[in-house]
Amino acid sequence: DFESAALPVAAATVSGVSWWLSRLGFAAIDQFLFRGYLLVTAARGIGFWPAAWALTLFFTVEKLLPTQHWHAVPIAAFLAWGLLSALMLKRTGSLWFGTGLGLGLDWGMVFLYGLANFGTSAHPRGALMSASAHNALFTGGDAGMRGSVVMPALVALAAVLVHVRFYVPG
């Protein structure tokens, strides 16, 4: 269920920009740290996909460390997201596509819908809407959409679309 947070236009604008900047920072750090220099350097030694898998596993563990509730951590989503990000880098040659997709996903979940996201609570301050989750299997509950069964399926669909759209034969 979604309810309007009834923010005045000025407050909604400031909040939206603030959330956008914070989510941009997180998306850029993840992309540049795990798919930037480290991936390119490791790929020279062991190949692109072995390096991508190793750094995706490291990325997933890094996301697990801050939480005490490992049962609620969306391991499948982090693995899928890390590999999708590697595929986007491989196909486009740029980190910005993955950064933009991560930014859009996080900003939409946190600001637009007021959903929990890794590192934020449900109903974050300044969200445009307030969402109530009734079925944790499909909504992710306290872990947000990344903890749902829907997210790995959406990431897999995005991987197919990226692969088809940016495929270069040879």
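In helix α1, the residues Ala12, Ser15, Gly16, Trp19, Trp20, Arg23, Leu24, Ala27, Ala28, Gln31 and Phe32 meet Trp96, Gly98, Thr99, Gly102, Leu103, Asp106, Trp107, Val110 and Phe111 in helix α4, where contact means heavy atoms within 4.5 Å. The residues of this contact divide into 12 nonpolar, six polar and two charged, with Gly counted among the polar ones. This is a predicted model, in which local features need pLDDT of at least 70 and side-chain atom pairs count only at pLDDT 80 or more, while totals for chains, interfaces and linings use all residues. Residues are numbered from 1 along each chain as its sequence is written, and side-chain values use heavy atoms, with hydrogens and water left out.

Two packed helices are described by the angle between their axes and the distance between the axes. Helix α1 spans residues 9-46 and helix α4 residues 96-112, and the two pack at an angle of about 140 degrees with their axes 8 Å apart. That angle makes α1 oblique to α4, since angles under 35 degrees count as roughly parallel, over 145 as roughly antiparallel, 65 to 115 as roughly perpendicular and the rest as oblique.

Helix α3, residues 75-92, holds Ser85, which counts as buried at 1% relative accessibility (buried means under 20% relative accessible area, with a 1.4 Å probe and protein chains only). Leaving aside residues up to four places away in sequence, Ser85 touches Gln31 and Arg35.

Leu87 also has its place in helix α3 and, at 11% relative accessibility, counts as buried. Not counting residues up to four places away in sequence, Leu87 touches Trp49, Ala159, Val162 and His163; Leu87 and Ala159 are 72 residues apart in sequence, and their C-alpha atoms are 7.3 Å apart in space.

Key
Axes are lines fitted to C-alpha atoms, for helices over the stretch in contact, and angles run from 0 to 180 degrees between N-to-C directions. Helices (H or I, at least four residues) and strands (E, at least two) are DSSP runs, numbered from the N terminus. Buried means under 20% relative accessible area, exposed over 50%, partly exposed in between (1.4 Å probe, protein chains only).
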